[in-house]
Amino acid sequence: MPPYRPLVSNPHLLTILGNFWPRKLDMRPYRVESRLYRTEPDVQVLVQTQRPLGAPRGELSLVHGLEGSAEAGYMLTMAKAGLDAGYVVNRFNIRTCGGTEHLCNTLYHSGLTVDLRMVLQQFRDEDRAPAHLVGYSLGGNLVLKLAGELGGDARPLIASVCAISTPIDLAACARQLAQPVNRVYERRFLKRMRQRVAATGRFTFGEIQYARSIYEFDDRFTGPSFGFRGADHYYETQSSRQFLERIRIPALLIQARDDIFIPFEVYEHPSLHANPYVRLCVTEHGGHLGFLSRTRPRFWADQAVLEWIVSAGVSPEMETSDRRSSTA
């Protein structure tokens, strides 16, 4: 992978710049196909697909982070890089995100893999190649957990998995986000969560407005909505770190030591070093999803992911072979 030379070293500034950096992307050559997939009787999720100009070399499926959508800046730059490199790109909206609140009256949570799995299974039924999954923050937890849940059965659906700035220990990251230095970010997340959840009609704004932290919101609403005994039980069971040892496809985790939301100590988990399928790429700087480079290409993580996919040994020929064997 290319070396990372950060635009600046301040992790808060990198995090903010990574979110607000202007992205002048010419997507005109790549028509967007928006499609709803039914994943449960009362749930539909939106996937936005774009295809390269020539014969595709594989498929990328991108999953956004907390309160994001397919239109997040990091999703768009990765999509453009992937399309230019010859991949079909699918930008996956987690349930109730991307303007789909009316298509589902439930919430989402950090380990809810059923929607992504069902979409990938429908891809397989359409004889499409196994996807290279790329998850960002909460989306990283989702893709790692799904790969671990599937274990040796993942390959017909997933060619590889990459997770960027991932809260593999949800409890530790909730505590980190609640620190005074991060309070402005937590308030921003909470505002968006209240608006989206109220739009589903499951709870009124009056019911949810008194949750003053992510932990409190998860303890009162997210956890109980999915049968968990509050936030602690939810975090304990849905953190991807306990699924890492079961992964049996190439997996890459990209993580900055100075991530403002994720204490780096969580990456000392034994499975990260004991599982030969899993590789951890650590940068000294980067903040949270803020891997801006001082040189071009500006968005370093995009090129790092694409180069890793090639180096991981998952060639188009292997993808085609896996697809044929899975449908035989």
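This is a predicted model: local features need pLDDT of at least 70, side-chain atom pairs count only at pLDDT 80 or more; totals for chains, interfaces and linings use all residues.
Residues are numbered from 1 along each chain as its sequence is written, and side-chain values use heavy atoms, with hydrogens and water left out.

**Helix H8**

Helix H8 spans residues 214–225. Helices are DSSP runs of H or I with at least four residues, strands are runs of E with at least two, and both are numbered from the N terminus. The buried residues of H8 are Ile214, Phe217, Asp218, Phe221, Thr222 and Gly223. Buried means under 20% relative accessible area (1.4 Å probe, protein chains only). The cover over these residues includes helices H5 (170–177), H6 (183–200), H7 (205–208) and H9 (231–238).

**Aromatic pairs**

The structure holds 13 aromatic pairs. Rings of Phe, Tyr and Trp (its six-membered ring) pair if their centres lie within 6.5 Å; planes under 30 degrees apart count as stacked, over 60 as edge-to-face and the rest as tilted. Two of the pairs are tabulated.

| Pair | Centre distance | Plane angle | Class |
|---|---|---|---|
| Tyr74 and Tyr136 | 4.6 Å | 35° | tilted |
| Phe291 and Trp300 | 5.6 Å | 45° | tilted |

Tyr74 sits in helix H2 (residues 73–84) and Tyr136 in strand S5 (residues 131–136), 62 residues apart. Both Tyr74 and Tyr136 are buried. Phe291 and Trp300 are buried too. Elsewhere, ring pairs link Tyr215, Phe228, Tyr234 and Tyr235 into a cluster.

Technical notes. Buried means under 20% relative accessible area, exposed over 50%, partly exposed in between (1.4 Å probe, protein chains only). Contact means heavy atoms within 4.5 Å.
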